[in-house]
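This report covers a predicted model.

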Amino acid sequence: MTETDGDIVLEVRDLSTWFETRHETVKAVDHVSLTLRHGRTLCVVGESGSGKSVTARSILNIVPKPGRIVTGQVILHNSTLEWAGGKPIDLAALHPRGRRIRTVRGREIAMIFQEPMASLSPVHTIGSQIVEAIRLHRRMNQAEARALAVEMLDRVRIPRPSQAVDSYPFEFSGGMRQRAMTAMALVCEPKLLIADEPTTALDVTTQAEILELMKNLQSLYGMALMFITHDMGVVAEIADEVAVMHQGRVVEHGPVNAIFAAPQHPYTQRLLNSVLVLERRSHRALGRSLRPGADTILDVENLGMRFDSRRGLFRTSGEGAVQALDSVAFSLARGESLGIVGESGSGKTTLGRCVLRILEPTSGRIRFKRRSGEPVDLAALPAPAMKPYWQAMRLIFQDPFASLNPRMTLLQIIGEPLRNYGVASGSELEHRVATLMQRVGLSPETMRRYPHAFSGGQRQRIGIARAIALKPELIVADEATSALDVSLRAQILDLLLDLGHELELSYIIISHDISVIRYMCDRVAVMHRGRIVEIGETGSVCDDPQHPYTRSLISAIPKPDPRQRGRTGRIRYQPNGAN
Amino acid sequence: MTARSPAATGDPLPPDTVPLGPAGSSSQLRLMWVQFKRHRMAMVSAIVLIMIYLTAAFCEFLAPFSPIAFNPRYTYAPPQQLHLFDRDAAGQLVFMPHVNGYKVTIDPVALRRTFIVDDKVKHPVGLFVASEPYQMWGLITLRRKLIGPLVKGDPMYLLGADRLGRDMLSRILYGTRISMTIGLIGVTLSLVLGIVLGGLSGYYGGWIDHIIQRTIEFVLSLPTTPLWLGLAAAMPTNWPPLRIYLCITIILSLIGWTSLARVVRGRFLSLRTEDFVTAARLDGAGESRIIFRHMAPSFISHIIAEVSLAIPGMILAETALSFLGLGLQPPMVSWGVLLQEAQNIRAIATAPWLFAPGVAVVIAVLALNFVGDGLRDAADPYRQ
Amino acid sequence: MLNFLLRRLLWMIPSFFAVSVVAFTIIQLPPGDFVTSYAADLATSGSPASAEQLQELRIRYGLDQPLPVQYLRWIGNALHGDLGVSFEYRAPVADLIWNRLGMTALVAFCTLLFVWVIAFPVGVFSALRQYSLGDYLITFLCFLGMATPNFLLALFVMYLSVVFLGYSVGGLFSPEFVHAPWSIARLVDLLQHLWLPVVVLGVAGIAALVRIMRANLLDELGKPYVETARAKGLAEIALTLRYPTRVALNPFVSTVGWVLPVLVSGEVIVSSVMSLPTAGPVLIQALKTQDMYLGGALIMFQCILVLVGTLLSDLLLVWLDPRIRYDR
């Protein structure tokens, strides 16, 4: 049966999936309807808790306990299954562990998941996992199945597929594993591929590769693609149609151009706004002008940091030492905010931690000049001597859950630096903490509660309150917004900008997300494999990058504007030596 | 049941929202208690444990007889049932606790005594009966026991008698004190060793960690009983019982510290890299403040769980040693010493109540294991 | 992988020496030495030796040397097969122990296999049917099994046998086969007797391993790769056995590291209760009479048995886990 482009492959009608526990019933999916068409891509977009993942799992009827499909239908059209006889099937009515739904999974509808490392069995070869998928649904012997697996791996552009088929998942990088999972999903040529945030855990450049791969495979196989994501840029890049989900419901759906140009629902508008606002420099930041003649607060020269391999009688593996930072140099003026952008392994986090001497640099100088005082080389100080400097240089962490001691109240957490530096105690301490909490937008009555009572965004504010408690001069923000939903990012960044104004702070903003940097920073340094490859004004680096790596990075970032699709060609970066 | 939509981790509402969850103001202790309560077996076992330790504390008062009081007339006498009510002359039911006496026949051929419980003979039993003066905890002189025969010299063997006519119940009650406390003392020593070595190992890392880890692995890989036996056998048999007791405890703890050290080290290692520990350091906290104020609360609950799981090992070990005659010696009474009587298969065949101390061991260890399991589940109340 | 194996093998050497030091220390702990006991025995039998004779004996056996020298002499002799003399039996230790150690190894490894064969499926069942009646029953039985001292269980079993069968079960051979040469009949007889001590010894081990397997499998069942397998269209039973169970097998196999010492250790008491011809009863007797060369040698070889067993389990683990093979 040949389908033509646009034919309906799957219809979700009025689906509701509930999670029923002793205490409450959570309506994870609430009367959701979607349509998936042959050759077209539907992006289901929403923030965490919107129900998009549960919807995907409901389609395949693999919702984990205690969830179950309460009402609704999932109609699969034009299946090639013998027992269906060519008629549409309601997947939601099939028994979740029965034989019939199993003939659908992997064959008519396939699914790939977010974390490729955790989603493939660590003790089986890639080949055996793909062959299993083949032999479940097609009559082939071992040799034929293996040959098909090799061919599939080649089609997803994994190098040396005949060797890759006998390799284990841990031997591959994240991007390669995702390709292997895609190969496994497509090997039986399903009509619909559901992709649940497949690129969220990948670097921007790897993400671009995978998106391109998916588009190619779609034009090759013609399957319908349901792509779940929270990233509006990705949506703009690949979607034909968009469904926006919020708290279990589809609040808006339509063609991608219409959604981006004229969103109807307030939630969609807010979502788009919070993404688009980061496309430009914040007006708060624009308003600031650096005082002419501002002195240099931080001057880093030739900073190097080397992680030694484990020494001992026997080496555990053939790896040598890792040079995490290599001759890094930059300077920061007082009142300026400098962004450090890079992908995983670039060394940006290591840089932030070395500046604060949480990690020990192996070479170089870090000259720090306080408002009142002479420049001091922090790298040359003995470790115990850092304490007074940590009053002036503070850190905001990435993970709002792990950076607050779950066994201390807010008062104790925010008051910790005030106590340790002898700034205040007793009722004076409480007063100061209350003021700080108000400043970052928290209610002071809650100061005796514990962190687990607060949401992610609120916890990040607690972290900020802790950071400004001692009136510092420099704040290093290490991926401060990466763990937060998109709609919150602008809020937190605005808070940081306001505080910067008020307290005359200088910032080092570390992020893998260039829109954050573009929004907030005056200058940006691009890092790759431990080196700064380019540094300059944010505007010029983003609009007119010079270094080939920066060019490839900027070109790989999906823009949240569907009209720009395919206009800017993607540049691949080939460093000297193997890629 | 309330139906609601899933809460997002983002908050699209204005910043000063009400915190989520009813447990917002609960401290760690409270959350742990809530979690522990859910484990029903652990709750039941906790009550059982409290009763056992109360028994250990007040054994002199609770036991009807002294553990060394013997009576050759009643060797291997079977257990007597305690009846609470009796019919008086008028046929009415009155509260008159009593036990039935024995009819003794002597088998002329085997020269063995056989006891049959004779319900015509009644020995009245009372609460708070007068008794020989005895010392409670070696300090207070008391003259009353909780329960005992009203007429001095009457037999009351609620759990039977042993080879010398000694009351099993009294002996088991006295044995509770030794068996349960040897576990505690041994575990305390193990704990100190384990915390110090595990802490050093996890905190400093590097070659200190390497050496301590290899030592732990090595000690764990050795079969414990042969080593205990070897160490115990090396003790001179003419030492006073208390010194032997202390030596045994030390021997037990020398081998038991390793699992505690591993737990402490593991927690230290995982905590060391936690962001909030780094944050504390950047907040200017000194090393000792970091360890005791910031890290310790995170692993104290795990330590407590491990400790309560380590005590049964000590109890079982002491029981085994004493059973073999290489641990505590009579006249010290522990459950293991009592079980020495059960080594003789012929004896058990005719007097199966000699197993009773073993039942006590099983109950105590079961209770400790359940409580430890419950504590381990409750140790990390933030684990979703 | 080669690295890993090499490290493990090389680690055995210091372990063996550490074990021998421990055994030697135990031998030397009781006050006095071989000659003192010999002298006491001569005195009681009515022909005391003179001080010069005793001193000459001391020099002959090297007992007047400082301890480290004595140790080197002892270990040197041991490497040649001379493990000292048993005072109680008046015979070389080496002659007395080999048979017994062989039996110990047999019982220990049979019990290990038994424990694995039972604990694995029961643990898997318990995890898959979490919170069911079967799971609660199994959990309770496991706790009970871990709470019962193995010698108590042995005593109880023997009590039952006396009451119901009229004789006490014990030993590994029927009387007619005890000293007979090896034959099929003897093997059958051995197996008929072996199962009871294996069960008694294995109960605690099974209980502990079932709990561990259950916990590990429950952990794995929640992992994403299980969902991937389900989405491929695998049936529940097939995917459970092929993926999370397979992954949970690795920590299960590596428990040998502490199960084997527990088994060898438990065997000591159980075998003395059940009169098995293994190392246990001889060890206990030797320690009670402070026949220290015999006792020390037995302790050392029991420890070595455990170390070898752990090495074998590590080899098995390498075969099972590709991550170790590739040094990750």
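## Contact between chains A and C

The contact between these two chains draws 26 residues from chain A and 24 residues from chain C. On the side of chain A that touches chain C, three helices each supply at least two residues: α2 (99-104), α3 (116-119) and α4 (126-137). The largest share comes from α4(A), with 3 residues.

Sorted by class, the side of chain A that touches chain C holds 13 nonpolar residues, 7 polar residues and 6 charged residues.

## Domains of chain A

Chain A is divided into four domains, and some of them are built from separate stretches of the chain. Domain 1 takes residues 8-108 and 190-277, while domain 2 covers 118-189.

How far apart do the C-alpha centres of domain 2 of chain A and domain 3 of chain A lie? The distance between these two centres is 42 Å.

## A four-stranded sheet in chain A

Chain A contains an open sheet of 4 strands, arranged in the order β12-β11-β14-β15 with antiparallel pairing. Its edge strands are β12 (322-333) and β15 (376-377) of chain A, each of which pairs on one side only. Strands of a sheet pair through backbone hydrogen bonds, in either a parallel or an antiparallel manner.

Within this sheet, strand β11 (residues 296-307) of chain A runs antiparallel to strand β14 (residues 363-368) of chain A, and 5 bridges join the two. Which residue in β14(A) is the bridge partner of E301(A)? That partner is R365(A). Helix α13 (residues 348-355) of chain A packs on the sheet and touches β11, β12 and β14 of chain A. The direction of α13 makes about 65 degrees with that of β12(A).

## Overall form of chain B

Chain B has 12 helices and 5 strands. Along the principal axes, the C-alpha atoms of chain B fill a box of roughly 90 × 60 × 40 Å. The radius of gyration of chain B is 27 Å, whereas a compact globule of 384 residues would have a value near 21 Å.

What percentage of the 384 residues in chain B is buried? Buried residues make up 42% of them. Of the contacts in chain B with a separation of 6 or more, 68% are between residues 24 or more positions apart.

Conventions:
Residues numbered from 1 in each chain as written. Chains lettered and ligands numbered in written order. Predicted model: local features only at pLDDT ≥ 70, side-chain atom pairs only at ≥ 80, totals over all residues. Domains from an automatic or database assignment. Contact = placed C-beta atoms within 7 Å. Nonpolar A, V, L, I, M, F, W, Y, C, P; charged D, E, K, R; others polar. Pairing = 2+ DSSP bridges. Axes fitted to C-alpha atoms, helices over the stretch in contact; angles between N-to-C directions. Rg over C-alpha atoms; globule rule 2.2 N^0.38 Å. Buried ≥ 20, exposed ≤ 12 C-beta atoms within 10 Å, placed from the backbone.
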